[in-house]
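The structure is shown below.

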Amino acid sequence: MAIAKAERLMNLALCLLGTRRPLSKRELRDSIEAYVEAFRPGNGAAGSDDSFNRMFERDKDDLRELGLVIETVENLDGEVGYLARRDSNRLPPITLDAEEAAALGLAAKVWQQARLAGAASGALQKLRAAGLPEDVDPYGAHGALEPRIPVHEAAFEPLMLACRDRRPVVFDYRKANAAQPGQRNVEPWALECWRGHWYLAGWDRDRGAERVFRLSRITGKVRSRSGRFTVPVPDVVTVRETVASWAGRARTVRRGSGCVPTPVTPSGEGHGGAGTRRRLGRVGDSVRARAGRLAGGVRAGRGGSRARRAAGRRGGPAACRGQGLRGADKNVAGKPVRPVNAIDQTRRMLSLVTYLRERPGARIEDVARAFGITEDELVSDLDVLPMCGTSFRGGDLLDIDTDGERIWWHNPAALGAEAAEPLRLAADEATALLVAARAVATLPGLREGDRQALLRATAKVETSAGEAAGASSRLSVTFESEGGVFADVDRAIAERRRLWIRYYSPARDELTEREIDPIRLVSVGHTYVEAWCRRSEARRTFRLDRVAEIRILDEPSAPPEVELRDLSEGLVQPAAEDPEVVVEVGPGGRWVAEYYPHDSADELPDGGLRITLRTPDPASLRRLALRLGRDGRIVAPQALADSARQVAREALAAYDGAGAAG
């Protein structure tokens with residue numbers, strides 16, 4: 001259970017931090033109740049020394065991932081002991097003013113990947129324990145802007161660790177239009193997120209050249225390899241410039257000009273990386289050819305699994321022993337209760353003991369807000385802490401309880417003053433916070449005062465983190481600039497005024513005029529405005545670079561009371577009641593799974609995919625079918641497949657008519 005592991009890790013950390021001399025494995029095994037219970041004599045194989053040694057080594061590795069510097073010392077008798085010296089683990093002094101703390105709070109919320117979200121939160125909790133201004137809620141609302149860094153690729157975490165540790169990797173990579181993936185042996189240099197997608201830059205050993213890989217095209221597991229890099233890592237790795245040179249760019253939307261952004265679609269590939277893009281919406285032979293291939297008939301659908309990916313929802317915390325201190329289920333600032341994770345919980349509890357020691361009688365509500373967690377999560381921590389200490393024997397356990405409103409620590413002397421000092425930032429914590437802060441600082445439309453506060457805070461965190469900050473240079477995120485449209489939307493939200501827009505919908509290839517009541521701005525690769533659309537009388541999301549014209553109206557904005565969506569599942573979230581559509585694509589159409597939210601994507605023998613997706617407007621997919629041509633076809637529903645063929649025939653007839661007239 002996660003709770004049991006968090007308790008074991010917390011006890012091991014306190015033992016190592018609280019000792020002035022190295023403790024042997026035997027002493028630690030006898031001092032930590034979880035080890036005593038699991039490996040008491042008579043437990044058979046579970047009680048063997050080998051089992052204990054494996055668990056102990058795993059626990060040490062976990063604590064080191066949390067930033068704990070654990071030394072191994074051999075005494076004169078040859079016995080090995082362990083300790084975590086305070087001068088090696090103490091957070092250097094850092095002072096942040098209220099503006100800097102609030103700016104870091106905005107940055108800490110942007111990650112949509114569990115490991116980095118937990119690490120960024122942990123970094124902020126350590127800074128809070130070190131004396132972040134009390135009157136600032138760094139997790140609170142920060143204007144109308146909500147930047148997000150999406151991380152959906154399974155290959156991201158192992159590649160992030162490989163970049164950090166400078167370890168060669170091997171993975172299977174499928175180039176665009178390729179029927180089968182090929183193996184790549186790579187020395188990973190850096191990861192960069194651009195337009196919501198992650199790319200890896202590195203040295204391809206087999207090709208003897210630099211390459212850039214799109215993570216969504218990596219198949220199977222990423223495997224680490226031993227040995228060192230064979231070529232020096234460049235001081236500057238320009239992933240975005242390389243990808244942009246392959247992808248091209250859409251035409252710029254100029255306010256008031258009436259021009260429309262030309263949509264683009266991926267096709268082909270260069271350098272084994274991202275797909276290039278070609279302009280759409282132009283009459284030409286390639287369109288005629290695609291229409292002709294589609295009009296020729298829709299290939300009969302193959303049988304096979306159509307299992308739907310479950311839409312996960314965050315549930316309540318894992319059950320812990322008894323109800324203990326648990327009271328009513330309360331949330332802080334509407335945050336959903338997250339599943340208990342032993343690593344994140346241990347990280348949080350190490351900061352919590354520092355925070356509580358300096359604040360006797362702290363209110364549960366205030367502590368939960370300060371740590372950016374729900375009151376229920378805080379109570380889960382308070383259930384574990386009384387089981388922790390430098391030893392489970394005698395009075396060495398932490399005597400912490402609550403009356404339901406306030407938290408009381410009756411024996412703070414059980415943990416020495418030095419052992420309760422704020423811990424230094426771990427590499428993951430420094431990386432998560434610094435990468436996010438640098439990205440947010442370049443966000444178009446960020447208020448200049450916030451930008452300057454964030455730059456000051458970033459410099460202070462870099463200095464305090466020391467060597468741990470080095471790995472942050474191997475990750476970067478770029479938010480797209482949306483020009484003057486952003487400024488107008490931001491102003492309308494601040495002044496609570498309605499907007500008029502001319503908006504291009506690529507699915508329908510049409511311009512529409514709308515009046516919208518803006519609610520918030522969200523940056524996920526591109527920047528979007530979530531608003532109440534008066535044309536459709538429903539909540540809609542509009543991408544700013546597709547706004548051809550915009551005006552701020554005198555009429556006040558009055559959107560109905562709606563609950564803000566949890567964006568952790570993605571910006572586009574089809575409803576369960578939306579009609580289901582099945583599309584089959586060949587190798588050249590695999591990009592559809594990268595750009596369209598879908599329930600499942602099953603491999604086909606020819607290297608293609610059978611994609612099941614949901615959309616409120618199935619007819620809009622006829623344009624997708626025309627775009628794909630021979631690289632894809634609609635399988636179900638049959639009426640939509642027939643309609644797509646008819647549209648293709650009409651397109652051919654229009655070409656034939658134009659040719660006859662000429």
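Thr-612 has a relative accessibility of 2%, and because the cut-off for buried is under 20%, Thr-612 counts as buried. The model is a predicted one. Thr-612 belongs to strand E25, which covers residues 609-614. Apart from neighbours within four places in sequence, the contacts of Thr-612 are Glu-580, Val-581, Val-582, His-598, Asp-599 and Ser-600.

Arg-347 is part of helix H11, residues 342-357. Its relative accessibility is 7%, so Arg-347 also counts as buried. With neighbours within four places in sequence set aside, Arg-347 is in contact with Leu-66, Gly-118, Ala-119, Gly-122 and Glu-429. Leu-423 stands 76 residues from Arg-347 in sequence, while the C-alpha to C-alpha distance of the pair is 9.8 Å.

The two residues are set out side by side here.

| Residue | Element | Relative accessibility |
|---|---|---|
| Thr-612 | strand E25 (residues 609-614) | 2% |
| Arg-347 | helix H11 (residues 342-357) | 7% |

Helix H7 runs over residues 114-129. From the first C-alpha to the last, the 16 residues of H7 reach 22 Å, close to the 22 Å expected at 1.5 Å a residue. H7 is largely enclosed by the rest of the structure, because 13 of its 16 residues are buried.

How do the axes of H7 and H14 cross? The axis of H7 and that of helix H14 (residues 427-441) come within 7 Å, with a crossing angle of roughly 95°. H7 is therefore roughly perpendicular to H14. On the H7 side, the contact is made by Arg-115, Leu-116, Ala-119, Ala-120, Gly-122, Ala-123, Lys-126 and Leu-127. H14 contributes Asp-428, Glu-429, Ala-432 and Leu-433. By class, the residues of this contact are seven nonpolar, one polar and four charged. Ala-119, Gly-122 and Glu-429 take part in the contact of H7 with H14, and these residues are also among the contacts of Arg-347.

For the chain as a whole, the secondary structure comprises 19 helices and 26 strands. The protein chain has 662 residues, of which 51% count as buried. Among its contacts with a separation of 6 or more, 68% come from residues 24 or more positions apart. The accessible surface amounts to about 29,100 Å², and carbon and sulfur atoms account for 49% of that surface.

Conventions:
Residues numbered from 1 in each chain as written. Predicted model: local features only at pLDDT ≥ 70, side-chain atom pairs only at ≥ 80, totals over all residues. Heavy atoms only, no water. Helix = DSSP H or I, 4+ residues; strand = E, 2+ residues; numbered from the N terminus. Expected span 1.5 Å × (residues − 1). Buried < 20%, exposed > 50% of the residue type's maximum accessible area, 1.4 Å probe, protein only. Axes fitted to C-alpha atoms, helices over the stretch in contact; angles between N-to-C directions. Parallel < 35°, antiparallel > 145°, perpendicular 65-115°, else oblique. Contact = heavy atoms within 4.5 Å. Nonpolar A, V, L, I, M, F, W, Y, C, P; charged D, E, K, R; others polar. Areas by Shrake-Rupley, 256 points an atom, 1.4 Å probe, with all protein chains shown as cover.
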